[in-house]
Amino acid sequence: ARCDSRKGKRTGQWESKSGCERGRGLRFPEPLCQTRRAVSPVPDAPAALLTEESFVGMRILVVEDNTINRELSAELLRMLGAEVEVAQNGRQAVEAVLGHPALYYDAVLMDIQMPVMDGYEAARRIRASGLDRIEELPILAITADAFAEDIRQAMRAGMDGHLAKPVSMEQLRKALACCTRRKRRFSQEEQDAGRGREESTQNSN
């Protein structure tokens, strides 16, 4: 499939098993090309999660070398109730994630084209770090490139989704809602596993 980048016309789709249900087999269509204000290609979140209250207390790492874009994304996230920390390149992002306890951040919004270390390499290093439960950390690519190969490369690097620049409030709202749902699911699975271990121990005694 091809795309007319001048008009932002979508002419095809690529299916991915990634996104907010990464690793769980849920499929969703990835647009090969997005308009300037297109929403994030992540599954729609329940309406109950699309509220500012849902995001209070969330800690988001914004990784962006462009000062204006970085400040804009940070301000939009704060308007949604999230706490924001920033990094100016991929190396700083890796140091920030690995320098804190597991799941210190609720999500990482990662620009792709940056000096020192790009977003792809940063995501690969974060995923390969061996940090406890690092596979649960949502890493979302933020880039103007929305062609199929760009999206595939982001997924191969260990990213979970793709937001097209310029990032809008609605994009971020849906992305955070997706991250919230993902976090709750992992938490529930951990609780279920814990109960299973307790029952197994009791039965063995």
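1. Y104 comes out partly exposed, at 22% relative accessible area, on a scale where buried is under 20%, exposed is over 50% and partly exposed lies in between (1.4 Å probe, protein chains only). Y105, with 4%, is buried. Keep in mind that this is a predicted model, where local features need pLDDT of at least 70, side-chain atom pairs count only at pLDDT 80 or more, and totals for chains, interfaces and linings use all residues. Numbering runs from 1 along each chain as its sequence is written, and side-chain values use heavy atoms, with hydrogens and water left out.

2. How many aromatic pairs does a search of the whole structure find? The search gives 1. Y104 and Y105 make up an edge-to-face pair, with 4.8 Å centre to centre and 85° between the planes. For the cut-offs, rings of Phe, Tyr and Trp (its six-membered ring) pair if their centres lie within 6.5 Å; planes under 30 degrees apart are stacked, over 60 edge-to-face, and the rest tilted.

3. Y104 also has R59 over its face, 3.9 Å from the ring centre. The rule here asks for NZ of Lys or CZ of Arg within 6 Å of the ring centre and within 35 degrees of the ring normal. R59 itself is partly exposed, at 22%.

4. R59 turns up again in a salt bridge with E85, at 3.8 Å from N to O. That pair links distant parts of the chain, with E85 in strand β4 (residues 83-87) and R59 in strand β3 (residues 59-63), 26 residues apart. Helices (H or I, at least four residues) and strands (E, at least two) are DSSP runs, numbered from the N terminus. E85 is partly exposed at 25%. Salt bridges with shared partners tie R59, E83 and E85 into one network.

5. The whole structure has 10 salt bridges, counted when a side-chain nitrogen of Lys or Arg is within 4 Å of a carboxyl oxygen of Asp or Glu. One of them joins K165 and E64, with the closest N and O atoms 3.3 Å apart. K165 sits in the loop between β7 and α5 (169-204), E64 in the loop between β3 and α1 (67-79), and 101 residues separate them. K165 is partly exposed at 24%, whereas E64 is buried at 5%. R133 and E136 form a salt bridge too, at 3.0 Å; R133 is partly exposed at 31%, while E136 is buried at 12%.

6. Strand β7 (residues 161-164) is covered on both faces: G161 and L163 are buried on one side, H162 and A164 on the other. Strand β6 (residues 139-143) pairs with β7 in the parallel sense over 4 bridges, where pairing takes at least two DSSP bridges between the strands. A141 has H162 as its bridge partner in β7.

7. Helix α4 (residues 148-156) has A148, D150, I151, A154 and M155 buried. Those buried residues fall within an arc of 165° seen down the axis, so they line one face of the helix; the arc is taken from the directions from the helix axis to the C-beta atoms. After α4 comes G158, with a positive phi near 105°.

8. With a disulfide taken as a pair of cysteine sulfur atoms within 2.5 Å, the count is 0. C179 is buried, at 5%.
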